Amino acid sequence: MSAHPDPLHHRVPDHAIESLFLRRWSPRAMTGKPLATATLMRLLEAARWAPSTYNVQEWRFLYALHGGEHWQRFHGLLSEGNKGWCANAGALLLVASVGVFRDKEGRDNPVHAFDAGLATQNLLLQAAALGLVAHAMAGFDRDAARRELALPADVHPQAMVAVGWPGDPDDLPENRREQDMKPSSRNPVGEFAFHGLYPTGR
């Protein structure tokens, strides 16, 4: 049974927003139960409806289900610090983005990573709505991902995401347990949003 705290008991917004934004957080403890394909498809369906430049939908998601034929390949891409707790994920996903417009001109798309991030946030919010753990990570080997997963030259690995059913933080490596005991807070809006010109020293 999950021992994760309820984020709504720890997070208080300064302005009225939907509770789903507060419920989305990034714990690590999961049960190791494989994620059903139908559940994963619900997450990817949410990603599908993200906005994108010219509606080209340049995000790409590759995935492996726990214990499936590609599981070890995906798990092996992770940094050593992520391999331990990700062993109990129900699925691992690689988020990638197509860096050019695949038309006759083949122009660079300057916002491909941004759009892939929007799609990933949709996936993370859908996971929160389903009561799943979904944790995005920068800690993986991008060169190995390109090689092991046969990414074309114009497809760029951006992040990996571990998804699974919530587990007990006591089952995490000792150096990870405290992070699962309290959802993180955020800087107030005034720390990152400015009327007009960018402020000096920020």
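**Figure 1. Packing of helix α5 in the predicted model.** The buried residues of α5 pack against α1 (19-23), α2, β1, β2, β3 (133-137) and β4 (155-164); contact here means heavy atoms within 4.5 Å. This is a predicted model, in which local features need pLDDT of at least 70, side-chain atom pairs count only at pLDDT 80 or more, and totals for chains, interfaces and linings use all residues. Residues are numbered from 1 along each chain as its sequence is written, and side-chain values use heavy atoms, with hydrogens and water left out. Helices (H or I, at least four residues) and strands (E, at least two) are DSSP runs numbered from the N terminus. The buried set of α5 consists of His-112, Asp-115, Ala-116, Ala-119, Thr-120, Leu-123, Leu-124, Leu-125, Ala-127 and Ala-128. Buried stands for under 20% relative accessible area, exposed for over 50%, and partly exposed for values in between (1.4 Å probe, protein chains only).

**Figure 2. Span and end of helix α5.** The end C-alpha atoms of α5 are 26 Å apart, which agrees with the 26 Å that its 18 residues should span at 1.5 Å a residue. The expected span is 1.5 Å times one less than the number of residues in the helix. After α5 comes Gly-131, with a positive phi near 80°.

Figure 3. Four salt bridges are found in the structure, each defined as a side-chain nitrogen of Lys or Arg within 4 Å of a carboxyl oxygen of Asp or Glu. In one of them, the closest N and O atoms of Glu-45 and Arg-48 are 2.8 Å apart. Both residues belong to helix α2 (residues 37-48) and stand three residues apart, about one turn of the helix. An α-helix has 3.6 residues a turn, so residues three or four places apart point the same way. Glu-45 is partly exposed at 37% relative accessibility, as is Arg-48 at 43%. In helix α4 (residues 80-86), Lys-83 and Glu-80 are likewise three residues apart, and their side chains form a salt bridge at 3.0 Å, N to O. Lys-83 is partly exposed, at 21% relative accessible area, whereas Glu-80 is exposed at 63%.

**Figure 4. The salt bridge between Arg-202 and Glu-191.** The closest N and O atoms of Arg-202 and Glu-191 lie 3.2 Å apart in this salt bridge. Both residues are in the segment after α7 (174-177), so the pair ties together parts that are eleven residues apart in sequence. Relative accessible area is 46% for Arg-202, which is partly exposed, and 43% for Glu-191, also partly exposed.

Figure 5. The whole structure contains two aromatic pairs. Rings of Phe, Tyr and Trp (its six-membered ring) pair if their centres lie within 6.5 Å; planes under 30 degrees apart count as stacked, over 60 as edge-to-face and the rest as tilted. Tyr-54 and Phe-101 are edge-to-face, with 5.7 Å from centre to centre and 65° between the planes. This pair links distant parts of the chain, 47 residues apart: Tyr-54 is in the loop between α2 and β1 (59-65), and Phe-101 in the loop between β2 (91-98) and α5 (112-129). Tyr-54 is exposed at 67% relative accessible area, while Phe-101 is buried at 9%. The pair of Phe-194 and Tyr-198 is also edge-to-face, with ring centres 5.7 Å apart and planes at 70°. Separately, the charged end of Arg-28 sits over the ring of Trp-85, 5.5 Å from its centre; the criterion is NZ of Lys or CZ of Arg within 6 Å of the ring centre and within 35 degrees of the ring normal.
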